[in-house]
Amino acid sequence: MKRLSHSLMLALLGLRDLLLSAGPLALIAVGVLVAAYVYLDPQPPRTVRLATGPQGSAYAAFGERYAAALQTNGIRVELIPTEGALDNLRLLREGRADLGFVRGGVADPVADPEAGIQSLGALFYEPLWVFYRPASLRRSEAEGPPSQGRAELPSLAGLRTLRLGTDRPGSGIPELLGRMLSANRIDATRLRITAQPAEDGAAALIAGRLDALVLASASESPRVQQLLRTPGIAVLDLGQAEAYTRIFPFLSVVTLPRGVVDLASDVPARDVSLVATTSSLLTREDTHPALRQLFAQAAQNIHGHAGWFNRAREFPNTRASELPVISEGDRAINGTPPVWQRWLPFWASNLLERMWLVIGGLIVLLLPLSRVVPPLYTFRVRRRVFRWYARLRDIEGRMESDSGARDGLLDELDELDRVANKVTVPLSYAEELYALRHNIEQARRRLLARPRS
C-alpha cells in the first residue's frame with residue numbers, strides 16, 4: 001500500500017510539474033481564444049425577426065415552415081405579419097426586421113446593397129395571376145365573338161372596362177400592375193380599381209362584386225388554389241408574356257401546365273402563359289452570420305422540391321436574385337456543407353466554423369513555442385535537486401577554511417542528507433537525486449578523514 005501511495009504521489013508530482021511548465025502556453029491559448037470569441041461573437045441570438053405577409057398568403061405559410069425548421073436548433077423566429085413585399089422591404093430598411101420575403105422588381109439594386117441589404121438567394125416564382133369572370137366581359141367589335149360561346153380576356157388591355165381588384169399597396173401589386181398597364185398606354189388611375197386584402201378580393205370576385213382580380217403569389221397560396229378551382233373563374237393566358245420580360249427584366253415567362261391543378265378535372269384545360277417575378281429572402285448585413293446560415297440551409301429543404309413552375313433543385317438559386325447574394329447563401333446553394341455539420345449539434349458546428357481560422361492560427365503559433373515546455377519541465381524537476389548544491393558548496397567551503405568546526409559541519413551534512421532524502425522527483429530524474437546524496441556522503445568522508453584539531 002505504501003509503495004502504491006508513493007507511486008501515485010510521484011505521478012501526481014510529475015503531472016503538476018508538467019502543468020506548471022505548460023501553464024504559460026495554456027494561458028496564452030486561453031487568452032487568444034477568449035479574445036477571439038468576444039470579437040467574433042460566434043453564438044447567435046436566440047430570436048430572429050422574419051417579415052412575412054398577410055395571413056393566408058404564401059409568404060405567411062413559408063414563414064411558418066422556416067419557424068419550425070429553426071426551432072429544432074433552439075432559435076425562435078418572430079413572424080411579423082405585413083401587407084407584402086413592399087412592407088417587408090420597408091421593415092428591412094428601417095432595421096425592424098432581420099429577414100424578409102421580397103419579390104423581384106421591388107428592391108433598389110443599387111441603394112439597398114449600399115444600405116446593407118443583401119439576398120440569401122432566389123426562392124420561388126411568384127406569378128402575376130389575373131383572375132376574371134368570363135360572364136362579366138363586355139364584348140366589343142374589336143374583340144369579336146367569343147370562342148365557343150365563352151368570352152375570354154385577350155390581354156391586360158381588356159381590363160380597362162372591368163371592375164378590377166388588386167392587393168393592398170404594401171404588397172407592391174398596384175405598382176407592378178400600374179407599370180404593366182402603362183406599357184399598354186393605359187392610365188391605371190382612370191380604371192375602376194379597388195385595393196383590398198387578397199382574401200377579400202377573392203371573395204368579391206367569386207360573389208360577382210368584381211370582374212377581375214390581380215394577385216402576385218406563389219402557387220402554394222390558399223387564395224390562388226381556391227380561385228383556380230372555382231367554376232366561373234378563369235385565369236388570363238398572357239400571350240404577350242415574352243414581350244413583358246423584354247420590357248421588365250425582372251419578369252420571367254412561366255407556364256401553368258395543363259391539368260397541373262387537377263388532373264382528373266383537367267384544370268386548367270390548356271397550358272397557360274404567365275409572367276412571374278422571383279421572390280428572394282433578403283437579409284440585413286448586421287444579422288448574425290449563423291442565423292443567415294440557418295435560413296439558407298432551411299431554404300434548401302423548403303424550396304428545393306419540384307413545383308408547378310419549376311423542377312426539383314431549380315430553387316434556391318443565385319442566378320435570379322436581383323441583389324448580391326451574401327456569402328452564407330452562396331455557400332449553402334453552390335457549395336458543399338462542411339462534414340462536421342452532419343455529426344455535430346448546431347452550436348458546436350457553428351462554433352467550429354466561426355473559430356476554425358483562429359484555432360488553426362493558434363496551433364501554428366503554439367507549435368514552435370511548445371518546444372520550450374520540455375526544457376522548462378526538466379529545469380523545474382532538476383531545480384528541486386540542484387538547489388541543495390548551494391548549501392553543500394557552502395559547507396565544503398567552510399571545511400577548507402575552518403578546520404575547528406568539524407562536529408558542527410558533520411551535523412549540517414547530516415541535516416542536508418535528511419532533507420535530500422525527502423526530495424521527491426520522477427524516477428527518470430532519480431539519478432540527479434542519488435548524485436546529490438553521493439556528493440554529500442563524499443563530503444562527510446573527507447571531513448571524517450581529517451584529524452580533530
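Modeller: Helix 9 (289-303) and helix 10 (residues 327-334) cross in a right-handed sense. Right-handed here means that the near helix is turned clockwise from the far one by less than a right angle, and left-handed means anticlockwise. Helices are DSSP runs of H or I with at least four residues, strands are runs of E with at least two, and both are numbered from the N terminus.

This is a predicted model, where local features need pLDDT of at least 70, side-chain atom pairs count only at pLDDT 80 or more, and totals for chains, interfaces and linings use all residues. Residues are numbered from 1 along each chain as its sequence is written, and side-chain values use heavy atoms, with hydrogens and water left out.

Two packed helices are described by the angle between their axes and the distance between the axes. The axes of helix 9 and helix 10 come within 8 Å and cross at roughly 30°. Axes are lines fitted to C-alpha atoms, for helices over the stretch in contact, with angles from 0 to 180 degrees between N-to-C directions. Helix 9 is therefore roughly parallel to helix 10 (under 35 degrees is roughly parallel, over 145 roughly antiparallel, 65 to 115 roughly perpendicular, the rest oblique).

Which residues touch? Helix 9 brings P289, R292, Q293, A296, Q297 and Q300. Helix 10 brings E328, G329, R331, A332 and I333. Contact means heavy atoms within 4.5 Å. By class, this contact has 4 nonpolar, 4 polar and 3 charged residues. Nonpolar covers Ala, Val, Leu, Ile, Met, Phe, Trp, Tyr, Cys and Pro; charged covers Asp, Glu, Lys and Arg; the others, Gly among them, are polar.

Now the loop between helix 9 and helix 10. P316 lies in it. The peptide bond joining F315 and P316 is cis, with omega about -10°. Most peptide bonds are trans. A cis bond also runs from V267 to P268, with omega near -5°. P268 sits in the loop between strand 9 (252-256) and strand 10.

The structure holds 3 cavities of 30 Å³ or more. A cavity is a set of points on a 1 Å grid over the protein atoms alone, where a 1.4 Å probe fits but cannot get out; lining residues have an atom within 4 Å of a point. Points are joined across faces, edges and corners, and volume is the space filled by probe spheres set on them. The largest cavity has a volume of about 160 Å³. Of its 15 lining residues, the closest to the centre are F124, E220, H305, G307 and N310. Strand 4 (117-132) and helix 9 are the elements that give two or more residues to this lining. Strand 4 gives the most, with 3 residues. The lining divides into 9 nonpolar, 5 polar and 1 charged.

For comparison, take helix 14 (residues 389-401) and helix 16 (residues 430-449). Their axes come within 11 Å and cross at roughly 15°. Helix 14 and helix 16 are therefore roughly parallel too. Their crossing is left-handed. Helix 14 makes the contact through Y389, L392, E396 and M399. Among the partners on helix 16 are E432, A435, L436 and N439. The residues of this contact divide into 8 nonpolar, 1 polar and 3 charged.

Notes:
1 Å grid on protein atoms, 1.4 Å probe; cavity = no way out; pocket = protein on both sides within 12 Å on 5 of 7 lines; lining within 4 Å.
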